[in-house]
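Subject: Structure for your review

Dear colleague,

Please find below the structure I wished to pass on to you. My notes on it follow directly after.

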Amino acid sequence: MAHHSVTFLPAGQTASVTTGTLLTEAIRQAGLDIGQPCGGQGRCGRCAIVVEDGQIRRRSAIRLSDADLAAGYALACQAVVEGDATIRLLETEAVERRLVTDKTARQVAAPFAYAPERDQSVRAFFVTLDEPTLADNVDDAARLERALAAHGVRGLEIPLALLRTLGPRLRDANWQATAVVELDTWRRPAGPPRLIDLIPGDQLAQVLGLAIDIGTTTVTVYLVDLLTGAAVDQAAEYNGQIARGEDVISRIIYASKGGPASAPSGLEELRARVLETINTLIARLAERGQVDPQRIYKATVAGNTTMLHLFLGVPPASIRLTPYIPAVNHPAPLTAAEAGLAIHPLALVDPLPGVASYVGADITAGVLATGLHEAEPLTLFIDVGTNGEIVLGNQEWLMTCACSAGPAFEGAGVVSGMRATRGAIEEVWINSQTYEPTYRVIGGGQPRGLCGSGLLSLLAELFITGVADKAGNFKLDLGLPRLRPGAHGPEYVVVWAGDAAHGQDIVLTKVDVDNLMRAKAAIYAGFNVLAQSVGVDLSQVERLLIGGSFGKYLNVEKAVQVGLLPDLPWDRINFLGNTAVLGAYLALLSRDARAAVRALAEKMTYLELSADNSFYEAFTSALFLPHTDLSRFPSVAALAAPGEAGARA
Amino acid sequence: MPVEIPKDKWAGQIRTVTLGATAAEGGTRARTLTVGGEACLPFLHFDAPGAAMPHRPALALEVRDRRPDDWSPLLGQAWGEAMSDPGDWARAAEQAGADLIVLTLSLTQADGSPNLPANAVAVVQKVLGATGLPLAVFGPGQAEKDNELIVPVAEAAKGERLLIGVCEDKNYRTIVAAAMANGHLVSSKTPMDVNLAKQLIILIHDMGMPLDRILMDPTTGALGYGIEYGYSVMERLRLAALQGDSMTQQPMLVTPGEEAWKAKEAKVGEGVPAAWGDWQRRAINWETLTGSALLQTGADIVVLRHPESLARLRTQIAGLMQA
């Protein structure tokens, strides 16, 4: 087959590819990278490039205007090489990511009175073996077993890898060694114990574990001292899979792509990407703490169902297809070598249980962390991200559902949307007399766009000041200079070009408003249907717990004003941050917590929202500001849009 | 054995809305039309004897500002030459027994050029002069054109308490503002959904329009073309209204004439199976059955196209009101 040379400007890297190769693949072969937030479906338009010269065929150009096409633009994920070509890569928005969870090393003390001998399943024992003699001639393995029996460890299994080096290790150690033993797992509650490591001398001081939360957006790792139970350090990083899709659906689609013979499949690539993220974090923690990653013997992993499938390299395809059945909800424990984690190869890796395709181990871990499964008050727990997972219940019962909010709250799918990084507007106020906005920008300086909390705040202000009506229509008849017709329908100019970092107007379009309205309506409808299904009213909810990083920046008042959260007294609302990693931390430390998360996952009743009409009904009624039934939002009803209230007859 | 009929006691009641204004009220109409006020499900008079349905459902006939290009030939036969002149047509509709004239403005003029505000105003004035009945004037149903034509009509007919529209969720502010400024009523039209119907009433009321000047059109489908969906939306709206949900208590206007005459069964007489029977009989049955089903689910104003359908529904309503 003919080979073509593709040159990439500005730096001039080249790739030699066959006819029909996608440009994204050619870019990768040239040693470059290009983001594909939609997973290469040709929908997001973020992988646009300019064809300077040569033969490139565009498979799809739905995101490109005629003017774009005339200027030579193409989407790399939809462009096929058919001859030698020169391609100009665009200077994309610098990937500037700020993670608040990684600002400083924060120590977290064990959240309960931790007693390793009672709670911990992975233990280290310092043993002194009797030196073999002609009279005492049992084999090395039995000799080790005998020594450990003195600590109550019976029936030890020694993996082949350790067996092969057992003799020299014991002799080099002069028969004094530290044995790291996995006593049991949830699959093998009665053992037999398994030897993980054998180190010369007394090494009890460094026995470590990891609590890992694989988020669709962010991966968080706690480094935990298994002797004291303290989380000695923590680190977080964006999930390396983001470049291949911003939401789980895009990732699932990407995972199902078969790679060309020379390249890995989508699934393998995504697995490699998340492992690279986790292993980078582990290396960072080890370096900061001056510890040897080989002394990490246990890792407990939380994450949504898709993330755990990708982490384990299990194809997630059926998760997005009706009837939405995952390959596995509760994967069995495995070793670090099997998982691909850069810690001790025989370390125990323990994925936590999920409930269903869209209620995963991040939620069961979150419930564990909140303790709502042990509490009396009726509690609503929500983890807001791209998906909103909701749990309602108490010690008696637990109901759960998941609603797809779309990525609007993460700043995606919105014209001026961006992640909560430097330059993002995170809060907006509109003057009710002049309709002029003021805003707060992350990191100060000039704004570049709006992040989720900024978007929500803006929507609330537009509604409360009457710039938009309750259906989210801009009131063009107000004659405001900031309201104008745009390419995507009417739009509101938040920041004029002269005040923006990139010299372009920052706007909120009617389409953006519709996206935000749908996102908030989906979540509120989820609350509503869940409550309805057990015959309680949302006003009866005694505690509302909000997890997820979005929750940290959420302004309760604004979230209630737009009807995202039920109108409850503020003292019932608590923000908890990343509950998934906290749950993983608890399960790492305690057998009881590990058993509890399994029990609660089995106890949770999953409500499939697509099974009947009630969700759609609740959704359309929530597709209004704050809600079609204003009596559900008494605190918002008290605020009327000025200018019109007076005219009301 | 005596049978006791269970009675419902409802918390809510449908609002009463009056269309048209006489000279004493600032208009020129010979009479006005009042609808709504129900305190029961349709025709269940025993729920509140004497007060259950203070106003009988009204029957309207639709006329156009010019002879329509796409109406069934059967309608052409029924109205004859009157269809060529909106004044004559309205007069004929009044003679046929209509309670209300519904004038729909066309998108284009007969020569294909866009309809113009001056033309719309002239037609409305002609119809007002030809009949003493209250009048509804609806735009062609395209947001920009509706606004362009209806605003000058509202101004020219100030004080007549016209019913004007079409108000939809993406385009209601201009028409509502024109109605408020000139003493008219508005029709709030939403696509067969309880929540959307309620939401648009809230939006219109938020602008300051009094609730006794808003009718709602929940959109209907013809017999065989989604009537059960529209029926059930109307039923749920009416139940919500009677249960006390204030923003659903508007009288409902429905358009079975427009819908039924779109159906193949009514519109065409050729190329259909012989077993379908006589065309004219079938066509009028289609409109009448669609309309009578809607009466049973709470319609307050039924807009028809054929005079015979109106006569039949008139008889039916008379019977149902006596029962």
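What pLDDT does chain A average, and what share of the residues score at least 70? The model is a predicted one; chain A averages a pLDDT of 88, and 92% of the residues score at least 70. Two stretches of chain A call for caution. Over residues 92–106 of chain A the pLDDT is below 50, and this stretch has 19 contacts in the model beyond near neighbours in sequence. Residues 641–649 of chain A also have a pLDDT below 50, with 14 contacts beyond near neighbours in sequence. Where pLDDT is low, the predicted coordinates should not be read in detail.

Domains and the contact between chains

Chain A is divided into domain 1 (3–89), domain 2 (116–200), domain 3 (208–351) and domain 4 (408–516). Taken over C-alpha atoms, the centres of domain 1 and domain 4 of chain A are separated by 32 Å. Between the chains, 15 residues of chain A are in contact with 14 residues of chain B. On the side of chain A that touches chain B, five residues are nonpolar, four are polar and six are charged.

Cores and burial

The largest nonpolar core has 264 residues, and those with the most contacts inside it are A:Ala584, B:Ala60 and B:Ile101. Helix 12 (residues 510–533) of chain A supplies the largest share of this core, 13 residues. A second, separate core of 21 residues includes A:Leu23, A:Ala30, A:Tyr73 and A:Ala85.

B:Ala60, leaving aside its neighbours within four places in sequence, is in contact with B:Ala98, B:Asp99, B:Leu100, B:Ile101, B:Val102, B:Ile301, B:Val302, B:Val303 and B:Leu304. A:Ala584, for its part, is one of the buried residues of helix 15 of chain A, among them also A:Thr579, A:Gly583 and A:Tyr585. Eleven of the eleven residues of helix 15 (residues 579–589) of chain A are buried, so this helix is largely enclosed by the rest of the structure.

A charged residue, A:Glu182, also deserves attention. A:Glu182 is placed in strand 7 (residues 176–182) of chain A. Is A:Glu182 buried or exposed? A:Glu182 is buried, because 24 other C-beta atoms lie within 10 Å, and the cut-off for a buried residue is 20 or more. Leaving aside neighbours within four places in sequence, A:Glu182 is in contact with A:Ser121, A:Val122, A:Pro193, A:Arg194, A:Ile196 and A:Leu348. A:Ala302 is 120 residues apart from A:Glu182 along the chain, and their C-alpha atoms are separated by 20 Å.

Strand pairing

Strand 5 (residues 79–89) of chain A pairs with strand 1 (residues 3–9) of chain A in the parallel sense over four bridges. Within this pairing, A:Thr7 has A:Thr86 as its bridge partner in strand 5 of chain A. Strand 5 of chain A also pairs with strand 3 (residues 48–58) of chain A, in the antiparallel sense and over eight bridges. There, the bridge partner of A:Arg57 is A:Val80.

Further along chain A, an open sheet of three strands has the order 19-18-20, with mixed pairing. Its edge strands are strand 19 and strand 20 (449–450) of chain A, each of which pairs on one side only. Strand 18 and strand 20 of chain A pair in the parallel sense over two bridges, and A:Ile425 stands opposite A:Leu450 in strand 20 of chain A.

Backbone geometry

Two cis peptide bonds should be noted. One joins A:Leu625 and A:Pro626, with omega about -10°; A:Pro626 lies in the loop between helix 17 (614–622) and helix 18 (634–637) of chain A. Another joins B:Gly165 and B:Val166, with omega about 20°, and B:Val166 has its place in strand 6 (residues 163–167) of chain B.

Positive phi values occur in two tyrosines. A:Tyr324 has a phi of about 60° and is found in the loop between helix 8 (305–312) and strand 13 (334–335) of chain A. With 15 other C-beta atoms within 10 Å, A:Tyr324 is partly exposed. Phi of A:Tyr435 is near 60°, and A:Tyr435 lies in the loop between strand 18 (424–430) and strand 19 (437–441) of chain A. A:Tyr435 counts as partly exposed, with 19 C-beta neighbours inside 10 Å.

With kind regards

Note on methods:
Residues are numbered from 1 along each chain as its sequence is written. Chains are lettered from A and ligands numbered from 1 in the order in which they are written. This is a predicted model: local features need pLDDT of at least 70, side-chain atom pairs count only at pLDDT 80 or more; totals for chains, interfaces and linings use all residues. pLDDT is the predictor's confidence in each residue, from 0 to 100. Two residues are in contact if their C-beta atoms, placed from the backbone, lie within 7 Å. A residue is buried if 20 or more other C-beta atoms lie within 10 Å of its own, exposed if 12 or fewer, and partly exposed in between; C-beta atoms are placed from the backbone. A nonpolar core is a set of buried Ala, Val, Leu, Ile, Met, Phe, Trp, Tyr and Cys residues joined through C-beta atoms within 7 Å. Two strands pair if DSSP finds at least two bridges between them. Domain bounds come from an automatic or database domain assignment.
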